[in-house]
Amino acid sequence: MPYLNHVDVHLLLVRDDQIFLARRANTGYADGLWNLPSGKLDPGEDLIAAVMREANEEVGLELERPAMQLATVVHKHAPDGPARVGTFFLATRWVGEPRNAEPHKCSEIAWFPIDELPDDVVPYSRAGIEQWRRGESFGLLDWPHHRLATGAA
């Protein structure tokens, strides 16, 4: 049987040294925590189409392919399910102001100084943001051998 992972897309909206986050609600995953606009890759969909769709569904933005840059990738271990591959895309431009387009899944939205993220950010989002800020194109999250793989103590 082939090894399978879920594939996620995450959107980095950054302006004036601030990053856009949304507080999750009523989803059953990480409710109450701040998160990047994100979602799952749908069958037959490419990564850029997925992040553009999620941006429209969650924050009401129309993005164009040339404005999307792959920022980093996080391979996340999930002890209670399949691993996940998270692709984090930086939008270099967009038209309009992000808004809460899914109030049934999001209780609030806000811009935060990128070097002062709130403590209650979903770890998956935090990992992608921090890797991107360090200029790292790939990283591991929650893998049992993570400390050995990264050289961390």
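Good morning. A helix, in this talk, is a DSSP run of H or I covering at least four residues, a strand is a run of E covering at least two, and both are numbered from the N terminus. With that wording settled, please note that the structure before you is a predicted model.

I begin with the record. UniProt, in an unreviewed entry, lists residues 4-134 as "domain: Nudix hydrolase". Over that stretch the chain is 19% helix and 35% strand.

Which residues of the largest nonpolar core touch the most other members? They are Leu12, Ile19, Leu21, Leu36 and Ile129, out of 19 residues in that core. Two or more residues come from each of β3 (18-24), β6 (68-76), β7 (84-91) and α2 (123-134). The element that gives the most is α2, with three residues. Apart from this core lies another, of 16 residues, including Val9, Leu11, Val59 and Met68.

Leaving aside residues up to four places away in sequence, Leu36 touches His10, Leu11, Leu12, Ile19, Phe20, Leu21, Phe88, Ser125 and Ile129.

Next, helix α2 itself. Its 12 residues reach 16 Å from the first C-alpha to the last, close to the 16 Å expected at 1.5 Å a residue. What are its buried residues? They are Tyr124, Ser125, Ala127, Gly128, Ile129 and Gln131. An α-helix has 3.6 residues a turn, so residues three or four places apart point the same way. The buried residues of α2 pack against β1 (6-12), β3, β4 (34-35), β6, β7 and β9 (138-141).

Gln131 lies in helix α2. Is Gln131 buried or exposed? The cut-off for buried is under 20% relative accessible area. Gln131 has a relative accessible area of 4%, so it is buried. Not counting residues up to four places away in sequence, Gln131 touches Thr72, Val73, Val74, Glu136, Phe138, Gly139 and Leu140. After the helix comes Gly135, which has a positive phi, near 75°.

I now move to the strands. Seven of the nine residues of β6 are buried, and the strand is thus mostly covered. With β7, β6 pairs in the antiparallel sense over eight bridges. Leu70, for instance, has Phe89 in β7 as its bridge partner. With β9, β6 runs parallel, and four bridges join the two. Here Val73 stands opposite Phe138 in β9.

The aromatic rings come next. A pair of aromatic rings is described by the distance of the centres and the angle of the planes. Rings of Phe, Tyr and Trp pair if their centres lie within 6.5 Å, and planes under 30 degrees apart count as stacked, over 60 as edge-to-face. By this rule there are four aromatic pairs. Why is the pair of Trp34 and Phe112 edge-to-face? The ring centres are 4.9 Å apart and the planes stand at 75°, so the pair falls into that class. Since Trp34 lies in strand β4 and Phe112 in strand β8 (residues 106-113), the pair ties together parts that are 78 residues apart in sequence. Trp34 counts as buried at 4% relative accessibility, and Phe112 counts as buried at 15%.

A second pair is that of Trp94 and Trp111, which is stacked, at 6.3 Å centre to centre with 15° between the planes. Trp94 lies in the loop between β7 and β8 and Trp111 in strand β8, so this pair ties together parts that are 17 residues apart in sequence. Both Trp94 and Trp111 are buried. Together with Phe20, Trp94 and Trp111 form one aromatic cluster.

I close with two loop residues. Val121 is found in the loop between β8 and α2. At 4% relative accessibility, Val121 counts as buried. Its contacts, not counting residues up to four places away in sequence, are Leu21, Trp34 and Arg126. Pro144 is found in the loop between β9 and α3 (146-150). Pro144 counts as exposed, at 71% relative accessibility. How far apart are the C-alpha atoms of Pro144 and Gln18? They are separated by 33 Å, and the two residues are 126 residues apart along the chain.

Thank you for your attention.

Methods. Residues are numbered from 1 along each chain as its sequence is written. This is a predicted model: local features need pLDDT of at least 70, side-chain atom pairs count only at pLDDT 80 or more; totals for chains, interfaces and linings use all residues. Side-chain values use heavy atoms; hydrogens and water are left out. UniProt positions are given in the numbering used here, feature names are shortened, and annotations may be inferred rather than shown by experiment. A nonpolar core is a set of buried Ala, Val, Leu, Ile, Met, Phe, Trp, Tyr and Cys residues joined through side-chain atoms within 4.5 Å. Buried means under 20% relative accessible area, exposed over 50%, partly exposed in between (1.4 Å probe, protein chains only). Contact means heavy atoms within 4.5 Å. The expected span of a helix is 1.5 Å times one less than its number of residues. Two strands pair if DSSP finds at least two bridges between them. Rings of Phe, Tyr and Trp (its six-membered ring) pair if their centres lie within 6.5 Å; planes under 30 degrees apart count as stacked, over 60 as edge-to-face and the rest as tilted.
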